[in-house]
Amino acid sequence: MTNTEKMTIQDLSVRDLQAWLNLAHSTKRTSNSPQALAEATEEFHNALTDDAVDVVGAFMGANLLGCFEARITGSRSGATYIALDALLRPESRSIELLRSLVAAMVERARLLGEQQSDEARGLRITADASDQLWVQALKEAGFVTTHSATTMRRALKPSDKNPMVVLPPGLTFAPFNPTQEADAQLALHNEVFGDVPGSPRWATHHWQEMLVDKPAVRHDLSTVIRSANQIVAYAHTEVWDEDEDATTHYAWIARIGVHESCRKFGLGTALINQVLSASAQAGLPYIELEVEPNNPTEPIRLYQRLGFKETSTELELELMI
């Protein structure tokens, strides 16, 4: 009898908490620090009590090999989807087990959609592109890649504190303030990313949520470039904890954009060097950003030239129902 034939699928309950915590730790979803365990425990209990979420385990006998969550969720376009999130022990990653887990996910997600939402358009899941077996199992089940994002990292050095940043005549750096000229900044952002596949247009509440109310946003590490009274380029920077113990922090360039009329003048390089300088002066060890590989402006070349290295690529996959 194969491992696949022995695997059983069943809903998780409160008695499975420790097995779920062990699974989350083995997949590096959480650490064993008291704070991380408390947060993970709360996450588990919240999922179990949410009627719009199913938490399902894949067992081999009494051993929890993996689990998945199916959750009713919305998108910025207003469509309803079922978001999937899966964990599987590294030592259990055979293609047979992955196929079985994907099949169980799809079956349960469809059932959840029938019970909770008549408007669910499809299933969505994210996957690390380097996890080839998992991606293979998803695509064999009919999932297709709809979006990809590559994370890049650059170490910060003492020499970054005083970069040589020269702007063309008539352009100046200015402090970033999301509450000033918010409508103009929002319009610029939507225009900059209007031709990038998979980038939805932001509404006013998105701007408020992502730049005014978000605690991680650092105005002192962000910047804009002005031409007379008009903002023509911007870089929005956040600071994140490297681990759940919050002992190390790093900078994250959340968004960077240059108006089409001002491209080819080196403003992207100037923005990044300005952010590198501010982040180095703040004592942060490194900086990361995310880039869409299919962005027609090919920013990945700029980032590589400035010393950023690719660390991972995440895929978003969908299966329409």
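Which side chain meets that of Glu 69 in a salt bridge? In this predicted model, the partner is Arg 71, with a distance of 3.0 Å from N to O. Glu 69 is buried, at 10% relative accessibility, whereas Arg 71 is partly exposed, at 32%. As a general point, side chains of opposite charge can pair when their charged atoms come close.

The count of salt bridges comes to twelve. Another of them links the side chains of Glu 318 and Arg 124, at 2.7 Å from N to O. Glu 318 belongs to strand β12 and Arg 124 to strand β5, so this pair ties together parts that lie 194 residues apart in sequence. Here Glu 318 is buried, with a relative accessible area of 10%, and Arg 124 is partly exposed, at 23%.

A salt bridge also joins the side chains of Glu 181 and Arg 226 (3.0 Å, N to O). Because Glu 181 sits in the loop between β7 and α6 and Arg 226 in strand β8, the pair connects parts 45 residues apart in sequence. This time the glutamate, Glu 181, is partly exposed, at 36%, while Arg 226 counts as buried, at 18%.

Strand β4 provides the largest share of the lining, five residues; β4, α4, β5 and β12 each supply at least two. By class, the lining holds ten nonpolar, five polar and seven charged residues.

Note on methods:
Residues numbered from 1 in each chain as written. Predicted model: local features only at pLDDT ≥ 70, side-chain atom pairs only at ≥ 80, totals over all residues. Heavy atoms only, no water. Helix = DSSP H or I, 4+ residues; strand = E, 2+ residues; numbered from the N terminus. Nonpolar A, V, L, I, M, F, W, Y, C, P; charged D, E, K, R; others polar. Salt bridge = Lys/Arg side-chain N within 4 Å of Asp/Glu carboxyl O. Buried < 20%, exposed > 50% of the residue type's maximum accessible area, 1.4 Å probe, protein only.
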